[in-house]
Amino acid sequence: MAADNSVLVIGAGVFGLTAALELQGRGHQVTVADPGPVPHPLAASNDLSRMVRMDYGGDGLYSSLGDDAIKRWRAWNARWGRELYHEDGFLLMTSVPMAAGTFEQDSYSLLTSRGFPLERLAPGDLAWRFPNWNSEHYIDGYFNPTAGWAEAGEIISHLAQDAASAGVSVVTGFPASRLLQDGNRITGAVAADGIELRADWVVVAAGVWTTVLLPELADRMWPVGQPIFYFKPQDPDRYRPPSFPPWGADVPRSGWYGFPANSEGVVKMANHGPGRRVGPDADRVILAEDEHHCRAFLAQSLPSLASLPLHGSKMCLYCDTWDGDFWIGRHPEQQGLVVATGGSGHAFKFAPVLGGLVAD
């Protein structure tokens with residue numbers, strides 16, 4: 001029998017775990033159910049790194065959320081006694097002059113108007129400050145010191161431990177196959193093996209598997225595959241801050257972004273573009289044309305990495321919504337059901353504020 005005010009959260013990714021922690025802290029009795037292990041190797045919340053920034057063009061809402069999140073990332077570092085958010089800044093480069101109406105200029109204008117100390121790149125700056133980059137190709141841009149990157153998989157592990165310590169019941173081995181319903185109220189979920197979990201409220205935070213449980217949302221969100229590449233240069237210190245911070249290179253036009261070498265000397269880069277629609281259980285492998293696209297970008301932009309062998313690669317699956325915004329809300333017709341998903345490739349940076357949004 002479910003306890004009063006009980007909540008079942010389906011999915012132990014960044015939406016689910018942060019929501020569980022917040023709800024438990026507000027007096028609910030929370031269970032998180034996931035196929036496991038946590039972090040799940042196929043989940044979007046896993047991997048080496050995620051970008052943390054408040055550079056969102058002219059979008060004041062996401063920019064403000066980013067600012068709030070960065071303050072709380074620092075607090076999480078202090079709480080954990082480990083620097084899992086690295087405030088190394090964010091280098092945004094363009095091959096065309098920054099102009100009003102572009103992502104880069106609108107980001108610069110909004111953030112400087114709010115008092116953030118952005119550093120506009122003057123001619124020659126890229127060549128001496130960030131020498132790995134082709135300074136003949138990238139002629140404009142800026143550096144934002146109030147940004148960085150987060151160790152995604154490690155953070156999910158810490159959030160799962162925090163949830164368990166707070167009294168959340170973290171259940172693995174539960175691949176939810178359908179929701180349980182009594183009249184117009186959702187009362188729980190059933191796993192593929194028939195095991196049932198029940199609660200007063202159900203939060204579906206299942207990422208790309210959301211539409212397996214809620215097929216009526218399939219015209220508003222869908223899994224999209226995006227390629228990720230890993231390189232291991234012989235001299236990884238050349239690819240670390242301050243000369244190689246997290247970066248975006250012609251992002252609204254090319255989609256390319258990446259990170260400094262991590263503690264193992266691995267440099268990660270990825271493409272945030274149209275991607276390709278796939279099923280939620282698709283193989284997480286890239287195509288030959290993806291690698292060709294990556295190497296063409298490197299040859300033009302980061303020639304020192306262009307001929308290195310791949311250290312690894314994979315396809316990351318986004319749960320993309322039709323407009324790229326997150327999908328957080330109560331179901332309009334089914335009582336007791338909240339949906340929290342639609343990361344669209346940019347939700348992880350907001351981890352410290354996501355749980356509050358879901359719980360509200």
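Helices (H or I, at least four residues) and strands (E, at least two) are DSSP runs, numbered from the N terminus. Axes are lines fitted to C-alpha atoms, for helices over the stretch in contact, and angles run from 0 to 180 degrees between N-to-C directions. The model is predicted: local features need pLDDT of at least 70, side-chain atom pairs count only at pLDDT 80 or more, and totals for chains, interfaces and linings use all residues. Residues are numbered from 1 along each chain as its sequence is written, and side-chain values use heavy atoms, with hydrogens and water left out.

**Exercise 1.** Describe how helix α2 packs with helix α9.

Solution.
- Two packed helices are described by the angle between their axes and the distance between the axes.
- For α2 (residues 60–80) and α9 (residues 351–359), the angle is about 110 degrees and the axes are 7 Å apart.
- α2 is therefore roughly perpendicular to α9 (65 to 115 degrees; under 35 is roughly parallel, over 145 roughly antiparallel, the rest oblique).
- In the contact (heavy atoms within 4.5 Å), α2 uses Leu65, Asp68, Ala69, Arg72, Trp73 and Trp76, while α9 uses Ala351, Pro352 and Val353.
- These residues comprise 7 nonpolar, no polar and 2 charged. Ala, Val, Leu, Ile, Met, Phe, Trp, Tyr, Cys and Pro count as nonpolar, Asp, Glu, Lys and Arg as charged, and the others, Gly among them, as polar.

**Exercise 2.** Which residues have the most contacts inside the largest nonpolar core, and which helix gives the most to this core?

Solution.
- A nonpolar core is a set of buried Ala, Val, Leu, Ile, Met, Phe, Trp, Tyr and Cys residues joined through side-chain atoms within 4.5 Å. Buried means under 20% relative accessible area, exposed over 50%, partly exposed in between (1.4 Å probe, protein chains only).
- The largest such core has 43 residues, and Trp73 and Ile155 have the most contacts inside it.
- Elements that each supply at least two residues include β1 (6–10), α5 (152–165) and α9.
- Helix α2 gives the most, with 7 residues.
- Leaving out residues up to four places away in sequence, Ile155 touches Trp73, Trp76, Trp80, Leu84, Ala150 and Phe348.

**Exercise 3.** Classify the aromatic pair of Phe130 and Phe143.

Solution.
- Rings of Phe, Tyr and Trp (its six-membered ring) pair if their centres lie within 6.5 Å; planes under 30 degrees apart count as stacked, over 60 as edge-to-face and the rest as tilted.
- Phe130 and Phe143 are 5.9 Å apart centre to centre, with 40 degrees between the planes, and the pair is tilted.
- Phe130 lies in the loop between α4 (125–129) and β7 (140–144) and Phe143 in strand β7, so the pair ties together parts 13 residues apart in sequence.
- Phe130 and Phe143 are both buried.
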